[in-house]
Amino acid sequence: MNRTIIKLFFYLCILTALPSYAQNAVHYYFKTMDIRNGLSQNTVYQILQDRKGFMWFGTKDGINRFDGNEIRTYRSDVQQRNAVFNNDITFIAGDENGYMWIGSFNGIELFDPYTEEFLSLDTYFPGQTMPTGIVSGIYVESSSKEWISTKNGLYFLDKNAGV
């Protein structure tokens with residue numbers, strides 16, 4: 001009789017505690033993105049969310065912009081007006097003006113979100129040695145000062161250096 005009461009008390013304690021744990025449970029929803037959803041390549045090296053809320057994915061086959069509904073792909077293509085210089089995107093960083101610094105297996109370039117064009121850094125940083133090789137990191141100090149890490153070394157670009 002005594003054991004039955006102890007068992008009953010134990011079961012009641014468990015039953016009263018279960019609903020409180022169930023109310024605190026947080027349910028997460030995960031959505032995968034891959035080539036079946038429009039991503040250009042399943043290998044993603046870098047992800048960035050810009051100031052407008054777009055998600056950018058640097059892949060082995062170009063850069064992809066996701067607006068919440070569809071994916072737009074920028075690839076190295078001579079027939080595309082706004083083509084990225086190299087398809088192997090290794091790093092993406094944004095600055096305070098909304099520009100994106102795109103690192104690839106072949107150096108770095110700048111993406112202008114207002115004209116949606118990829119720009120060479122030669123015109124942006126005249127007279128300075130441009131980073132070459134695989135870009136492994138970009139640190140945006142300001143819109144005119146950038147640190148770029150590549151396989152060939154560390155580069156510092158200063159827009160005001162030639163002034």
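Student: In which strand is the place of Ile71?

Tutor: This is a predicted model. Residues 71-74 form a strand, and Ile71 has its place there. The strand is S4.

Student: What separates the C-alpha atoms of Ile71 and Asn37?

Tutor: Along the chain, Ile71 and Asn37 are 34 residues apart. Asn37 is also among the residues in contact with Ile71 once neighbours within four places in sequence are left aside, and that list includes Met33, Gly38 and Phe66. The separation of the two C-alpha atoms is 8.1 Å.

Student: Which side chain of opposite charge is nearest to Asp95?

Tutor: Asp95 sits in the loop between strand S5 (89-94) and strand S6 (100-104). Asp95 is buried and has no salt bridge. A salt bridge needs the atoms within 4 Å, whereas the nearest side chain of opposite charge is 6.3 Å away. That side chain belongs to Arg51.

Student: Which backbone nitrogen does the side chain of Asp95 reach?

Tutor: The side chain of Asp95 reaches a backbone nitrogen at 3.0 Å. The nitrogen is that of Asn97.

Student: Why does Leu154 count as exposed?

Tutor: Leu154 lies in strand S11, residues 153-158. With Tyr139, Trp147 and Phe156, Leu154 forms a nonpolar surface patch of about 440 Å² of accessible area together. Exposed means over 50% relative accessible area. Leu154 counts as exposed because its relative accessibility is 59%.

Student: What is the phi of Glu116?

Tutor: Glu116 is placed in the loop between strand S7 (107-112) and strand S8 (117-120). Glu116 is not a glycine, yet its phi is positive. The value is about 55°.

Notes
Residues numbered from 1 in each chain as written. Predicted model: local features only at pLDDT ≥ 70, side-chain atom pairs only at ≥ 80, totals over all residues. Heavy atoms only, no water. Helix = DSSP H or I, 4+ residues; strand = E, 2+ residues; numbered from the N terminus. Buried < 20%, exposed > 50% of the residue type's maximum accessible area, 1.4 Å probe, protein only. Lys, Arg positive; Asp, Glu negative; His and termini not counted. Polar contact = N/O pair within 3.5 Å; in protein donor to acceptor, adjacent residues only side chain to side chain. Contact = heavy atoms within 4.5 Å. Patch = residues over 30% accessible without salt bridge, like charges linked within 9 Å, V, L, I, M, F, W, Y side chains within 5 Å. Areas by Shrake-Rupley, 256 points an atom, 1.4 Å probe, with all protein chains shown as cover.
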